[in-house]
Amino acid sequence: MMAATNGLVHASAHKPLFTFGVIADVQYADIPDGRSFTGIPRYYRHSIDVLQRAVSAWNKQGAVKFSINFGDIVDGKCPKDKSLWAVQKVLGEFEKFPGPTYHMFGNHCLYNLPRSELVALLKMPTGSDRAYYDFSPCPEYRFVVLDAYDFSTLGWPRDHPVTAAATRLLEEKNPNADKNSPEGLVGVDQRFVMFNGAVGEEQLSWLSDVLRDASERRQNVVLCSHLPLDPVAASQVGLMWNYDEVMAVVRQYNCVKACFAGHDHKGGYSVDSHGVHHRTLEAALECPPGTSAFGHIEAYPDKLLLVGSDGMADTEMCFESSQ
C-alpha cells in the first residue's frame, strides 16, 4: 500500500488537536555530493537547505506545535574532526523553529559521536544518558520515542558488554566478513547488518509500562523510531533487528495507532494486520538541489494527516475503532 501522491489528501473539515513537523535523514556533511552503496545520489551540502525550508514552512504555517527529527542528523562520511561542528550547525537550524524538537539516534549520528555526548547535544528529555522517552502534547495523545540502537555495535565503548553481545549476535546471524553486507541473507534476515540495531530488554519493559498507562488513559499512541518496524513499509535490509519483539509488545495493547520511522530513504507506507499504520519517511539527504522532503502532520481524534512537501508523499492514516 502506497502513500497518496501530493495534493490528493484533503484537509479535514474539523480543526486538528495539534500539528507537528517531521523530517528524516538530513545527514548533512560539508563534503561533495556522492552516492549510497546502491548508487543513489546523495546531496550532503544541500540537505541543510532542505532543513532550512522545513523550518521556514513550519514557522510560516503558524500552528506547528513541535517537530520530530527521525535521526541521522549528520552523515557518517563527515570528517570526524568536524563531527561536533556539523551536529551543532544542523541543531542551529532546528533552533530557528520556536517550538521543541524531539530527536532520536540514527546510525550516522553514532558514527560521528558517542551516545553519551549525543544525548546532551540533542537535549533528549530523559534526565539521564538514556535515549528513549515519551511525551504527551495533549491528553488524547502520547508519543513514544525509541532508541533503536540501544542494543547495537554502534555508539557504545568497544569494551562495553552491549558491544560484545551485539557483535556476537551479528556473528551468529550474518556470515559475511563485512557485517554491513546482507549478501546471502534471505527475506527479513537481511536486517542483521551492522548499520541496524535493536531495542534492549529494559527498554522493552519500559515500553510495555508506557503503553499500559496510555491504554488506561485511552490515549492514541504514536511510536517513533529511526528504524522501521514493518517489512512492508520498508526495505527488509533496513528493519530493526527485533522489530517483531517490539510489535509483540505493541499488540498486547490497543493504543498504538501509527509507527513512524526514517532510515530507509525511499520511504514507504503500510497498514499491518492489527490496523497499525507504518510510515517510513522519505530522506532529506536524497533531494536534488531545489527539491525537499519534509512535512507536517495534523493530529485528530480519529486519524493522522501527513501533508508533505514535494519529496514526501501525503498520507491519511484513519484509525480503526477501539474494541
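The following dialogue examines how terms are applied to this predicted model.

Mentor: This is a predicted model, in which local features need pLDDT of at least 70 and side-chain atom pairs count only at pLDDT 80 or more, while totals for chains, interfaces and linings use all residues. Residues are numbered from 1 along each chain as its sequence is written, and side-chain values use heavy atoms, with hydrogens and water left out.

Trainee: How do you know that the whole structure holds zero disulfides?

Mentor: A disulfide is a pair of cysteine sulfur atoms within 2.5 Å. The closest cysteine sulfur to that of C109 belongs to C78 and lies 11 Å away, too far for a bond. C287 is likewise in no disulfide, since the nearest cysteine sulfur, that of C109, is 18 Å away. A search of the whole structure accordingly finds zero disulfides.

Trainee: What makes C109 and C287 buried?

Mentor: Buried means under 20% relative accessible area, exposed means over 50%, and partly exposed lies in between (1.4 Å probe, protein chains only). C109 has a relative accessible area of 1%, so the residue is buried. C287 has 5% relative accessibility and therefore also counts as buried.

Trainee: Why is strand 1 called largely enclosed by the rest of the structure?

Mentor: Strands are DSSP runs of E with at least two residues, helices are runs of H or I with at least four, and both are numbered from the N terminus. Six of the six residues of strand 1 (residues 18-23) are buried, so the strand is largely enclosed. Both faces are covered, with F18, F20 and V22 buried on one side and T19, G21 and I23 on the other.

Trainee: How do you know that strand 1 and strand 12 pair?

Mentor: Two strands pair if DSSP finds at least two bridges between them. Strand 1 and strand 12 (residues 295-299) have five bridges in the antiparallel sense, and T19 has E298 as its bridge partner in strand 12. Strand 1 also pairs with strand 4 (residues 64-69), here in the parallel sense and again over five bridges. In that pairing, F20 stands opposite F66.

Trainee: What makes strand 5 and strand 14 edge strands?

Mentor: The sheet in question is open, with six strands in the order 5-4-1-12-13-14 and mixed pairing. Strand 5 (101-102) and strand 14 (315-318) each pair on one side only. Within this sheet, strand 12 and strand 13 (residues 303-308) pair in the antiparallel sense over five bridges, and A299 stands opposite L304.

Trainee: Why are helix 1 and helix 2 called roughly parallel?

Mentor: Axes are lines fitted to C-alpha atoms, for helices over the stretch in contact, and angles run from 0 to 180 degrees between N-to-C directions. Angles under 35 degrees count as roughly parallel, over 145 as roughly antiparallel, 65 to 115 as roughly perpendicular and the rest as oblique. The axes of helix 1 (residues 47-61) and helix 2 (residues 83-94) cross at roughly 20° and come within 9 Å. The two helices are therefore roughly parallel to each other.

Trainee: Which residues of helix 1 and helix 2 meet?

Mentor: Contact means heavy atoms within 4.5 Å. I48, L51, Q52 and V55 in helix 1 meet K89, V90, E93 and F94 in helix 2.

Trainee: What makes helix 6 and helix 7 roughly parallel?

Mentor: Helix 6 (residues 201-216) and helix 7 (residues 243-250) pack at an angle of about 25°, with their axes 9 Å apart. They are therefore roughly parallel to each other. Among the residues at this packing, L204, L207, S208 and L211 in helix 6 meet E245, V246, V249 and V250 in helix 7.

Trainee: Where is K123 found, and what makes K123 exposed?

Mentor: K123 is found in the loop between helix 4 (115-121) and strand 6 (133-138). At 62% relative accessibility, K123 counts as exposed. Phi of K123 is near 50°, a positive value in a residue other than glycine.

Trainee: Is H263 buried or exposed?

Mentor: At 11% relative accessibility, H263 counts as buried. H263 is found in the loop between strand 9 (256-261) and strand 10 (268-271), and has a positive phi of about 75° although H263 is not a glycine.
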